[in-house]
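Subject: Structure handover

Hello,

Please find the structure below, with the sequence. My notes on what was found follow it.

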Amino acid sequence: MIQLDNAMKQAARGVQVNVPYRMLMHDRALFDLFCSLCLNPELGMDIPALEAYGPDHFRETAETFRRAGARITLHGPFEGVDPGSADPAVRKSSERYLERLVSAVAVMQPTHVVCHTGFHPDTHTEGLSDWRKRSRRVWGETASATACSGARLLLENVHERSPADMASMVRGIDHLGLCLDTGHLNAYGNGDLTGWVDSLGDLTAEVHLHDNHGRADEHLAPGRGTIDFAPLVALAERRPLVITLEPHRPEDLPPALEFLVRHPGLLPR
């Protein structure tokens, strides 16, 4: 059983905690833990979850969390989703999965929805302009659809190597913003968090807060790797941010919350 002191419990009320939807459904103890600690979930809605569960199930889950006092965000599917693909079949299936995500948003009423762009340098460097054009069309349509349910769509950096890569995907599209993933930036990008914050601070609405040593996406608690989070603290003091923790093991949650207790500037005021 996870033990949190009062300061960590207070910090938890101000942030989201990522958890795969299917994992939560298969582990009642984990579901009860989220509710008992009043953790705000960022529910990972992968393709199997979107296919296995329907609107009634999604609505009931969301209502259970709200009765517990929790705020909900969603993370959309990413494996098998590339709406800018040069392959028409991949584009069609990607749009179908995003439509299912939009349907889940309509009944779950999250505040934000995070998706990956689908970009990978080994796949999309050639024909990048056309890939980006196709992607932006679909993300624009998806952002408009989620906005109708009161949720803002955010695109998350994964393999993008510069802030310009993300700006070119997000800027100029209504209802679309950025989720800045610190671990991905350090492991796959250029590691220049200050530069990314300076370039993309006006677009950033959410931060996935986790750490690593710059060689792999380790999902360590912040403060356990090599990332200097000072630029994020400064950004959070200038504009409100949704902060999402992404612990891959239950025992990683307390040190992540302890980091937030030591850096209260990241928490909502």
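**Salt bridges**

Glu51 and Arg100 form a salt bridge, with the closest N and O atoms 3.6 Å apart; the term stands for a side-chain nitrogen of Lys or Arg within 4 Å of a carboxyl oxygen of Asp or Glu. Glu51 lies in helix H4 and Arg100 in helix H6 (residues 88-108), so the pair ties together parts that are 49 residues apart in sequence. Helices (H or I, at least four residues) and strands (E, at least two) are DSSP runs, numbered from the N terminus. Glu51 is partly exposed at a relative accessible area of 49%, and Arg100 is partly exposed at 33%. Here buried means under 20% relative accessible area, exposed over 50%, and partly exposed in between (1.4 Å probe, protein chains only).

Before the rest, the conventions. This is a predicted model, in which local features need pLDDT of at least 70 and side-chain atom pairs count only at pLDDT 80 or more, while totals for chains, interfaces and linings use all residues. Residues are numbered from 1 along each chain as its sequence is written, and side-chain values use heavy atoms, with hydrogens and water left out.

The whole structure holds nine salt bridges. One of them joins the side chains of Asp46 and Arg22, at 2.7 Å from N to O. Asp46 is in the loop between strand E2 (40-44) and helix H4 (47-52) and Arg22 is in helix H2 (residues 21-26), so this pair ties together parts that are 24 residues apart in sequence. Asp46 is partly exposed, with 24% relative accessibility, and Arg22 is partly exposed at 33%.

The salt bridge between Arg28 and Asp32 has its closest N and O atoms 3.1 Å apart. Both residues lie in helix H3 (residues 28-36), four residues apart, about one turn of the helix. An α-helix has 3.6 residues a turn, so residues three or four places apart point the same way. Arg28 is exposed at 53% relative accessible area, whereas Asp32 is partly exposed at 37%. Elsewhere, Glu95, Arg137 and Glu141 are linked in a network of salt bridges.

**Helices H8 and H9**

The axes of helix H8 (residues 128-147) and helix H9 (residues 163-170) come within 9 Å and cross at roughly 50 degrees. Axes are lines fitted to C-alpha atoms, for helices over the stretch in contact, and angles run from 0 to 180 degrees between N-to-C directions. H8 and H9 are therefore oblique to each other, given that angles under 35 degrees count as roughly parallel, over 145 as roughly antiparallel, 65 to 115 as roughly perpendicular and the rest as oblique. On the H8 side the contact (heavy atoms within 4.5 Å) is made by Trp131, Arg132, Ser135, Arg136 and Trp139, and on the H9 side by Ser168, Met169 and Val170. These residues divide into four nonpolar, two polar and two charged. In that count, Ala, Val, Leu, Ile, Met, Phe, Trp, Tyr, Cys and Pro are nonpolar, Asp, Glu, Lys and Arg are charged, and the others, Gly among them, are polar.

The largest nonpolar core has 79 residues, of which Leu43, Met45, Met108, Leu209, Leu232 and Leu257 touch the most other members. A nonpolar core is a set of buried Ala, Val, Leu, Ile, Met, Phe, Trp, Tyr and Cys residues joined through side-chain atoms within 4.5 Å. H6 gives the largest share of this core, seven residues. Not counting residues up to four places away in sequence, Leu232 touches Leu180, Thr182, Leu193, Val197, Val207, Leu209, Leu241 and Leu266.

Helix H13 (residues 253-262) is mostly covered, with seven of its 10 residues buried. These are Leu253, Pro254, Pro255, Ala256, Leu257, Phe259 and Leu260. Their cover includes helix H1 (6-12), strand E1 (16-20), strand E7 (204-209) and strand E8 (242-245). In the segment after H13 is Gly265, which is buried at 15% relative accessibility. Leaving aside neighbours within four places in sequence, Gly265 is in contact with Val233, Ala236 and Glu237.

**Backbone**

Cys38, a residue other than glycine, has a positive phi near 55 degrees; Cys38 is in the loop between H3 and E2. His219 has a positive phi near 55 degrees as well. His219 is in the loop between E7 and helix H12 (230-238) and is buried at 7% relative accessible area.

Regards
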